[in-house]
Amino acid sequence: MEMLRRYFNGFGELSPENMEQLLSYCVEGKLSKRQKLIRCNQTVDSIYFIMDGFLHYYMHNDLGDQITLKIVSPNACWTVIDSFYDQKPTYDECQALGEVRFCQIKRADFVRLKEENVVLGRFIHRVTEQILSAKMLEMKKQMSMSVEEKYLDLLNSNPKMVQEVPVGILASFIGTSRDT
């Protein structure tokens, strides 16, 4: 939980009481390699904080090919934000690439915290805004870079990902094939 506490501190200072209240709603979980966190047609009801390991977030196109949407790294909050807020099933899937440790806040607890504590409500709003903002910035960045630039950026910004994530998934993520 210390990693999560440090992550939350990056969004502004909370009183010790508010931090403890927020952390009390965070439930730790673990996934084994290839275990699904999110399945197609599931309504996503949690926000996840990844403590260790990598998640493969993907969809299938009309031909049945797997298209990588994101590789979720440690020390990040993540969810399928449209499914989480709209409470509609997602067509995407998310699977552990190795052992993954995470914390989650269930949607019901998220709503309760926002209603019961104005300070935590604003704080949680900043966290979810950051998730959406990061998604938009990543999309914009991915669209403006060549495949080679994307790979070099990954090597520079997340060498552990390049070492641990299978080549085919990395290739899909940067928009090329494994053979290229």
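Start by selecting strand 5 (66-72), strand 6 (76-78), helix 3 (81-86), helix 5, helix 6 (147-157) and helix 8 (167-174): each gives at least two residues to the lining of the largest pocket. Helices (H or I, at least four residues) and strands (E, at least two) are DSSP runs, numbered from the N terminus. You're looking at a predicted model, where local features need pLDDT of at least 70, side-chain atom pairs count only at pLDDT 80 or more, and totals for chains, interfaces and linings use all residues. Numbering runs from 1 along each chain as its sequence is written, and side-chain values use heavy atoms, with hydrogens and water left out.

Now colour helix 5, which supplies the largest share of that pocket lining, 10 residues. The pocket holds about 960 Å³ of space. To land in the middle, pick K70, I71, A134, E138 and F173, the closest to its centre of the 36 lining residues. By class the lining splits into 19 nonpolar, 9 polar and 8 charged. (Nonpolar covers Ala, Val, Leu, Ile, Met, Phe, Trp, Tyr, Cys and Pro; charged is Asp, Glu, Lys and Arg; the others, Gly among them, are polar.)

Next, go inside. Centre on F8, I47, C77, I105 and V127, the closest to the cavity centre among its 14 lining residues. Helix 1 (2-9), strand 3 (46-52), strand 8 (100-106) and helix 5 (118-144) each give two or more residues to this lining. The cavity lining has 13 nonpolar residues, 1 polar and no charged ones.

How were these spaces found? On a 1 Å grid over the protein atoms alone, a cavity is a set of points where a 1.4 Å probe fits but cannot get out, while a pocket is an open set with protein on both sides within 12 Å along at least five of seven lines; lining residues have an atom within 4 Å of a point. Grid points are joined across faces, edges and corners, and a volume is the space filled by probe spheres set on the points.

Hop over to L37 in strand 2 (residues 36-38). Leaving aside neighbours within four places in sequence, its contacts (heavy atoms within 4.5 Å) include Y48, W78 and F102.

Finally, zoom out: the chain has 8 helices and 8 strands, and buried residues make up 42% of its 180 residues.

Terms used
Buried means under 20% relative accessible area, exposed over 50%, partly exposed in between (1.4 Å probe, protein chains only).
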